[in-house]
Amino acid sequence: GGIFMRMRSHWRYACLLLLLAAYLYGSSLFLTKYPYVHSDEAWLSGLTRQIVETGDFGATEAFFDLKERNPHALKILFHALQALAMRLGGYQIATFRLLSLLAAAPVLIVFYAAARRLFAGHSLPLLAAALLALDIQFIYASHMARQEIFILFAVALNFFLLLRPGALRDRDIAALAAAAGFSAGFHPNAFLVACLGGAALLARRICGSVRGRQIALYIGLTAACAGVFVGISLLLDADFIQHYLAYGQSEFGLNLSLADRAAEWTSFGSKLFDRVSGTYYLPDLRLQLILFPLLGLLLLCYALAMRREQPAQTERALVLIAAELGICAGILLIGRYNQLSIVFLMPAGWLIVLDCLLLFGRRICYALTALLLALLLWVGATEIRPWLAADYDAYLAQLETYLPADARTLGNLNSEYYFENGCLLDYRNLAFLEENGLTLAEYVESRGIEYIVYMDELDYIDANRPYWNIIYGNLDIAGLRTYLA
């Protein structure tokens, strides 16, 4: 019996390694094609390059000289990892996207370990990892040179710790707090991880496996860990808190009342379902948007009905549902409805789906899971195929035919990978000409700008203003055309 169990365990680990290898290899085939390179990626890696070249974590973006930027440490760990990747792979989009793709592997491993705690004795943990790996939003996050995939590691680690059978120990609480707090070194969305953990601990408190003192410990340790990065930020900028709050209000309108933020929630969900987005590509998420709340509600009803007969299963179900609600509450409190944050709902969402399907018996659960995997494959292929013809390198090569990489140029930030550091100035600076007492001609002359790259998108933005002013600010595009004429 022991030998047989060890063989089954080795077989499962072999299957997990095969899944990881297939995911990494398959993704590498279209890593720089899907999704198309977004200016956020150039923004982040451009700041990394500036930090590396100046040797100063207090450096700000070289492509902004009129748009106000202030240093902070809420991405400092992410920039440190990107700096290491840049040393190894050079300054190109493939380098930074490969970093994100490699980070997907530990996410899937920890998520598999969390699923093993939920589905002990099943093959479902491997299927759970496969569902997450094939989720188009997860693929999206693992291909973008942004921080979401790193925050997802903290999310997966939370579930591994929260799904521990029996009472949670203080060291589990400390690990949960560290996962949330140190995520602040990657992105302010660490707050969502903290909300996830806090809500799930409250669920366990209701079930009696967490003490009130431990929730207080979680809050204190999370604040202390996150406070490290706030402290470093204050060293970099004594007015960090004032500047950061002002940035949030000016860029994202985060000064709305709680009622206004709640009103936006319905609109946000509707836009996700209808695939109405801004500058980010929005994949088809209708399967998840229907399945997660529907099966979550069904699981909740079952858990409450069977709370006396099956207390352990009830607790696990409540932890998953509370975690999802915690993330949603965090998004609501922040008031920033960014579609990229939706990926944080996927790990718990797929665990909820499997936990609910298991109520109908193993055979039905496995059959429906196979159907879901097939649907995810179909959605992924449908979403990715149109982008395979896209060629970002061809776009950079086209720039090369018109202007040298070391020429001082005013243009679109997503072309930043072509230029030498400090040579590109972004369109967004033009929105601040008037408040700096400059005309366009004076700005061009004072900055030694040799080339202006005029993209067709500016005509579209101008024809549909003020709706798209959120991208570059209130630019005088007609004035720019007149200057170039």
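How many helices and strands does the secondary structure of the protein chain come to? Here are my notes.

1. The count is 21 helices and three strands. Both are DSSP runs numbered from the N terminus, with helices being H or I of at least four residues and strands being E of at least two. Keep in mind that this is a predicted model, where local features need pLDDT of at least 70, side-chain atom pairs count only at pLDDT 80 or more, and totals for chains, interfaces and linings use all residues. Residues are numbered from 1 along each chain as its sequence is written, and side-chain values use heavy atoms, with hydrogens and water left out.

2. On to overall shape. Along its principal axes, the C-alpha trace spans about 80 × 45 × 40 Å.

3. Now for the inside. Of the 485 residues in the protein chain, 51% are buried; buried means under 20% relative accessible area, exposed over 50%, and partly exposed in between (1.4 Å probe, protein chains only). Take contacts (heavy atoms within 4.5 Å) between residues at least 6 apart in sequence: 74% of them join residues at least 24 apart.

4. Have a look at Tyr140, which sits in helix α6 (residues 136-143). Tyr140 has a relative accessible area of 3%, so it counts as buried. Setting aside neighbours within four places in sequence, Tyr140 is in contact with Tyr34, Pro35, Tyr280, Tyr281, Pro283 and Leu340. Arg447 is 307 residues from Tyr140 in sequence and 37 Å away in space, C-alpha to C-alpha.

5. Asn338 belongs to a loop, the one between α14 (311-334) and α15 (346-357). Asn338 is buried too, because its relative accessible area is 7%. Beyond neighbours within four places in sequence, Asn338 is in contact with Arg146, Phe268 and Tyr280.

6. Last, the cysteines. There are zero disulfides in the structure, a disulfide being a pair of cysteine sulfur atoms within 2.5 Å. For Cys15, the nearest cysteine sulfur is that of Cys365, 17 Å away.
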